Amino acid sequence: MVRDEIFNELYENPVIMAVKDNKDLAKALETDNRIVFVLYGNIETIPQIVKKIKNKNKIAIVHEDLIEGLSSSSMANHFIKRYTEADGVITTRPQNASHAMKLGLFSILRFFILDSISYQSMKETIKKVNCDCIEILPGIMPKITKQVSKRTSIPIVAGGLIKDKEDVIDNLNAGAIAISSSSYDVWKM
């Protein structure tokens with residue numbers, strides 16, 4: 001899948017389905033939304049999980065840090081590229097995000113903003129990172145989303161703890177291009 005196609009899909013429908021188990025996956029496969037963040041699995045099951053998503057003409061982006069059996073090295077990107085049909089990866093490792101792009105995978109660098117130290121670290125990292133998007137967690141901090149959007153031209157996804165329409169709208173108004181959520185109710189918006 002071409003990056004432009006993924007971005008077009010994000011702009012058309014800014015709600016990304018985050019699936020954390022087979023029950024979530026089954027529900028995601030029944031919705032009209034097309035982008036799925038895969039937050040579970042192992043090296044044996046991830047090819048089949050991605051195949052189910054692709055068979056429904058959806059976009060699969062795998063959180064490589066959460067796939068049991070993958071290491072923290074850039075070899076995780078090689079595995080995902082070679083053994084799955086995934087369109088992209090999510091990672092908390094800047095070097096892996098850059099490497100994924102080199103392999104032709106859509107690359108999302110995830111940041112957990114827990115305090116002023118993690119916020120400062122994120123600000124420094126985004127000055128030199130190479131990725132398609134950054135994801136900020138938790139997504140219930142639209143003020144932080146707005147501050148980050150002023151500091152970078154990298155598109156932002158807000159995720160984590162987003163439970164209602166207000167959370168979605170506040171983040172989109174703050175500069176996020178999309179939100180990710182594991183809430184079925186949010187997927188229907």
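Helices here are DSSP runs of H or I with at least four residues, numbered from the N terminus. The model is predicted.

**Exercise 1. Work through the salt bridges.**

Solution. 
- Step 1. Apply the cut-off: a side-chain nitrogen of Lys or Arg within 4 Å of a carboxyl oxygen of Asp or Glu.
- Step 2. Take E9 and R34. E9 has a relative accessible area of 13%, so it is buried. R34, at 21%, is partly exposed.
- Step 3. Take D24 and K20. D24 is buried, at 2% relative accessible area. K20 counts as partly exposed, at 45%.
- Step 4. Take E124 and K127. E124 is partly exposed at 32% relative accessibility, and K127 is exposed at 64%.

**Exercise 2. Account for two buried polar side chains.**

Task: For K58, find the nearest side chain of opposite charge and the backbone oxygen that the K58 side chain reaches; for S107, find the backbone oxygen by its side chain.

Solution. 
- Step 1. Locate K58. It is in the loop between helix 3 and strand 3.
- Step 2. Look for a charged partner. K58 is buried yet has no salt bridge. The nearest side chain of opposite charge is D32, 6.4 Å away. The salt-bridge cut-off is within 4 Å, so D32 does not qualify as a partner of K58 at 6.4 Å.
- Step 3. Look for a backbone contact. The K58 side chain reaches the backbone oxygen of N33 at 2.5 Å.
- Step 4. Turn to S107, in strand 5 (residues 106-112). Its relative accessible area is 0%, so S107 is buried.
- Step 5. Find the contact of S107. A polar atom of its side chain lies 2.7 Å from the backbone oxygen of A97.

**Exercise 3. Check the backbone.**

Task: Which bond is cis at P138, and what are the phi values of N57 and L161?

Solution. 
- Step 1. Read omega. The peptide bond joining L137 and P138 is cis, with omega about -5°. P138 lies in the loop between strand 6 and helix 7 (142-151).
- Step 2. Read phi at N57. The value is positive, about 60°, although N57 is not a glycine. N57 lies in the loop between helix 3 (46-55) and strand 3 (59-63). With a relative accessible area of 53%, N57 is exposed.
- Step 3. Read phi at L161. It is near 70°, also positive in a residue other than glycine. L161 is in the loop between strand 7 (156-159) and helix 8 (165-173). At 55% relative accessibility, L161 counts as exposed.

**Exercise 4. Describe the largest pocket.**

Task: How much space lies in the largest pocket, which residues are closest to its centre, and what is the make-up of its lining?

Solution. 
- Step 1. Volume. The largest pocket holds about 200 Å³ of space.
- Step 2. Centre. The lining has 14 residues, and those closest to the centre are A18, G160, L161, S181 and S182.
- Step 3. Elements. Strand 6 (133-137) and strand 8 (178-181) are the elements that give two or more residues to the lining.
- Step 4. The lining divides into 6 nonpolar, 5 polar and 3 charged residues.
- Step 5. Link back. L161, one of the residues closest to the pocket centre, has the positive phi near 70° from the backbone check.

Key:
Residues are numbered from 1 along each chain as its sequence is written. This is a predicted model: local features need pLDDT of at least 70, side-chain atom pairs count only at pLDDT 80 or more; totals for chains, interfaces and linings use all residues. Side-chain values use heavy atoms; hydrogens and water are left out. On a 1 Å grid over the protein atoms alone, a cavity is a set of points where a 1.4 Å probe fits but cannot get out, and a pocket is an open set with protein on both sides within 12 Å along at least five of seven lines; lining residues have an atom within 4 Å of a point. Grid points are joined across faces, edges and corners, and a volume is the space filled by probe spheres set on the points. Ala, Val, Leu, Ile, Met, Phe, Trp, Tyr, Cys and Pro count as nonpolar, Asp, Glu, Lys and Arg as charged, and the others, Gly among them, as polar. Buried means under 20% relative accessible area, exposed over 50%, partly exposed in between (1.4 Å probe, protein chains only). Lys and Arg count as positive and Asp and Glu as negative; His and the chain ends are not counted. A polar contact is a pair of N or O atoms within 3.5 Å; within protein, one must be able to donate a hydrogen and the other to accept it, and residues adjacent in sequence count only if both atoms are side-chain atoms.
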